[in-house]
Structures are given as structure tokens and as C-alpha cells.
Amino acid sequence: QEPRPIAAFETQSGPTHNGGGMLTLPDGRVLFATGDALPFGAEGRAPAQDPGEIVSKLIIIDPDDGSIEIAAQGVRNVQHMEYVADESGGVIVGFGDIGGVTAEEVNYVSLADLLDTTAIENFGWGRNADGLAREGTFYVQPGLPLGFASPPVDSFAPSPEAGFIQPQAQYGRNDPNGGFAVSGPVTSTESFSSITGLFSDLASGIVYATTDSLDVIAATVYKVNLVDQDGNELDSLQDLAGGRADPRLFRLPDGTAGVLLEATGDIFRLTQVDAG
């Protein structure tokens, strides 16, 4: 069998995207996110869009027999997933997907849709059979593994686009507030009054939020002003860590929002307060 082109990149040096987000499903199986197994710079290549490949997928694992099913494809490097109750009583899965240089994504998808594996949900990352690769609401060029500022934008994608789930929220490295790798999101009716999703950036520690419904596309993303418990204003979570914080957002057992600063091991509770 002729080797796949991706094999040329798997042996290159540099960090690769391994994914790692997971949830325990109601029936005891596990929903696990795999990365594209590539270094930075490439657009995911064909395996990310191939349902016969394991990379760039949300997979359902049965721990009893080790069998797997593909639930979704076209993700790049998911670090965290969470359950969210929707207004109709259903369950939504929310997750952040670290992007290339164009769009850090926050995605929401129905759990029922993921469990119905007769149809595989598609989040767009990788080279699709139509010859196009997607990052957020953009088409991107093939890019160059280990290449900076790569893969570059080609053009805007239609929004919405038939056959693809586009992010509820996105931000990029050209954002004036800075952006490198999304962390989160976290939702909490116990902590937030108007915020529907809170997320942060791993490198800068800047915190972002949306107030739009979880079923919209390209919701408005706001930079969140932070204050500590003593009322001191913070530029970002880096101020609490004394440098890069690598924040990991989650819900505490009481349902309130929390953040673990991976750099220090400190945990903080997050609460929305009204300005002024």
C-alpha cells in the first residue's frame, strides 16, 4: 500500500496535537477527543476529514470491550469538554478547539447528535473531499508543518455552511487583546448572570466571554475585565500567576465556575459582577 502523505510529517520534531478532552457518557462509555497528530503549521490534511482515520475525531469508547465509534470529525486539538443543559431539557456538549493562526474556536453540539453515529458531525478542520480546509468560519490554505503564520487564510466560508458545524464563538491571534490557544469554555448559571460561556487564552491568560445563545454562529466575543477578591484590577490571569498561567476552566462541585492555573496549581472561583 502506498504510504499516506501525512507520514512524512509524523516524524518531524516539534509539538504535536494530541487532543485529550473527555466526558463520561450517561451509559458508561467515554467520549474522547483526539488531535490531528500534526505539528503546528498544517491544516490537518486529509486524515482529519477521513472517517476511517482516528485523528481529529470525537470518538466513543466502550470500556467493556475496547470498541470505538466515530461521533464527529474535523477537530484540531480539544483540551476540555463539558456538559451544558439547554433550555428544552436536552444536553449539549461544549468544548474549545485550539486553532492554527486564524480562529480559536468555542463549539457546542447536541449530545443526542453525537450519540447518533449514523451521521458524523463535522467541525471542518482538515482537507475535505471538496478540496477545502476550514478553520472557524474561514477557508485556509494547506500551510507548512512547523511554519509560523501558517496555515494562512484563503477566504471567508459561508456562514452557516451546509454539512459543517461552525463555532459559536471564535477569536484569533490578530485580536487586539491577544490570542494563542483557547482554554475552556465553562458555563455556570450559579456564577454568571448574563455570560453564556466563559473561556480564556492559555498563553496570555486573557479571559473572554459571550452573552449570546449557544446556538448562534460567530457570537460577539468580549474581553472580560478581572478583579480579585480585594477589588484590585487585573490585566489577565497572568497577574495571579506571576507570568504565563495556562488556565484550565471547569465547574466546581457546587456548580460555580472555577479556574486552575496550571503554572502554580492555584484554584480560583469565578463570579460575574456588575461594573460600577
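1. Accessible areas here come from the Shrake-Rupley method with a 1.4 Å probe. On that basis the protein chain exposes about 12800 Å², and carbon and sulfur atoms supply 52% of that surface. Keep in mind as you read on that this is a predicted model.

2. Overall dimensions next. The C-alpha trace of the protein chain spans about 65 × 40 × 35 Å along its principal axes. For 276 residues, a compact globule would come out with a radius of gyration near 19 Å, and the protein chain has 18 Å, so the two agree.

3. On secondary structure, the protein chain has 21 strands and three helices. Contacts tell us something about how the chain is put together: taking those with a separation of 6 or more, 51% are between residues 24 or more positions apart. As for burial, 50% of the 276 residues of the protein chain count as buried.

4. Now the aromatics. How many aromatic pairs does a search of the whole structure find? The search turns up six. Take Y171 and Y208: their ring centres are 4.4 Å apart and their planes meet at 25°, which is under the 30 degrees cut-off, so this pair is stacked. The pair also links distant parts of the chain, with Y171 in strand β12 (residues 169-171) and Y208 in strand β15 (residues 207-210), 37 residues apart.

5. Are these two tyrosines buried or exposed? Y171 has a relative accessible area of 4%, and because buried means under 20%, Y171 is buried. Y208 has a relative accessible area of 1%, so Y208 is buried by the same cut-off.

6. F199 counts as buried because its relative accessibility is 1%, under the 20% limit.

7. Which residue lies over the face of F164? That is R134, placed at 3.8 Å from the ring centre.

Technical notes
Residues numbered from 1 in each chain as written. Predicted model: local features only at pLDDT ≥ 70, side-chain atom pairs only at ≥ 80, totals over all residues. Heavy atoms only, no water. Phe/Tyr/Trp six-rings, centres within 6.5 Å; stacked < 30°, edge-to-face > 60°. Helix = DSSP H or I, 4+ residues; strand = E, 2+ residues; numbered from the N terminus. Buried < 20%, exposed > 50% of the residue type's maximum accessible area, 1.4 Å probe, protein only. Lys NZ or Arg CZ within 6 Å of the ring centre and 35° of its normal. Rg over C-alpha atoms; globule rule 2.2 N^0.38 Å. Contact = heavy atoms within 4.5 Å.
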